[in-house]
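User: I would like a close look at a single part of this model, taken slowly and with the residues named.

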Amino acid sequence: MARTYLNIFALSGLFIIGLTLWAWGQPLICTCGDIKLWVPTIFDSGNSQHIADWYTLSHILHGVLIALLGRLAFPRFGFNGAFLAAIVTGIGWEVIEHTNWVLDAFRATTINAGYHGDSVLNAVADYVFMMGGFFAAFALRIPVVLIGVLGLELIAGVFGRDNLTLSTIQLIAPIDAIDTWQQELNPNAVSSE
């Protein structure tokens, strides 16, 4: 019976996120009027406005990390406890991410300058991808999950020039060398040469 309530709560997360962001003035879809499945560069104005982008991998990892914590650090809480944590943190992050305090923190990093938050579509999709990561990490063997974490971080870091690790470093203690490396692919970056 508890799983049924958790499933209902998880599904309601789509509406909690969507309605909250819409009420706060976030656009439903990209203001360009299009809906794309994938935005291939973090420097595109459609980044965080469509269904998926390089930051989607970070949201998948959010779910994976909650599942790993549940499986390794808190096994007595079982699947239901970890699932509840995934739902609460997934909804919580998508809402908290759009507070002025967090938006300002992101804008303070060069790579996120001008960031206005996600579209409702992107935020809801991020939550769905996070849940996908959670379920995958619970279903797969732990060594496979750990290899997946490393793979997602490497792919997003090398090709997207940003990932969960780099974003965290740049938010907490920015490193100029990381910023310079990230900006090498930015078509709008001002060259110092």
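Which residues in H1 meet which residues in H5? Please go on from there to the helix packing around that contact.

Analyst: The model is a predicted one, and what follows should be read with that in mind. On the H1 side the contact is made by Phe9, Ala10, Gly13, Leu14, Ile17, Gly18, Leu21 and Trp22, and these meet Val120, Ala123, Val124, Tyr127, Val128 and Met131 in H5. Sorted by class, the residues of this contact comprise twelve nonpolar and two polar ones, with no charged residue.

Two packed helices are described by the angle between their axes and the distance between the axes. For helix H1 (residues 2-23) and helix H5 (residues 120-139), the angle is about 155 degrees and the axes lie 9 Å apart. Angles over 145 degrees count as roughly antiparallel, and H1 and H5 are therefore roughly antiparallel to each other. Their crossing is right-handed.

H5 also packs against helix H3 (residues 78-96), here at an angle of about 160 degrees and with the axes 10 Å apart, so that H3 and H5 are likewise roughly antiparallel to each other. The crossing of H3 and H5 is right-handed. From H3 the contact takes Gly78, Phe79, Ala82, Phe83, Ala86, Ile87, Gly90, Ile91 and Glu94, while H5 supplies Ala123, Asp126, Tyr127, Met130, Met131, Phe134, Phe135 and Phe138. By class, this contact of H3 with H5 holds 13 nonpolar, two polar and two charged residues. Ala123, Tyr127 and Met131 of H5 meet H1 and also take part in the contact with H3.

The remaining pairing to consider is that of H1 with H3, whose axes come within 9 Å and cross at roughly 5 degrees, which makes H1 roughly parallel to H3. The H1 residues in this contact are Ala2, Arg3, Leu6, Asn7, Phe9, Ala10, Gly13, Ile16, Ile17, Thr20 and Leu21, and those of H3 are Phe79, Asn80, Phe83, Leu84, Ile87, Val88, Gly90, Ile91, Glu94 and Val95. These residues divide into 14 nonpolar, five polar and two charged. Among the H1 residues, Phe9, Ala10, Gly13, Ile17 and Leu21 take part here and also meet H5.

Definitions and conventions: Residues numbered from 1 in each chain as written. Predicted model: local features only at pLDDT ≥ 70, side-chain atom pairs only at ≥ 80, totals over all residues. Heavy atoms only, no water. Axes fitted to C-alpha atoms, helices over the stretch in contact; angles between N-to-C directions. Helix = DSSP H or I, 4+ residues; strand = E, 2+ residues; numbered from the N terminus. Parallel < 35°, antiparallel > 145°, perpendicular 65-115°, else oblique. Left-handed = near helix turned anticlockwise from the far one by under 90°. Contact = heavy atoms within 4.5 Å. Nonpolar A, V, L, I, M, F, W, Y, C, P; charged D, E, K, R; others polar.
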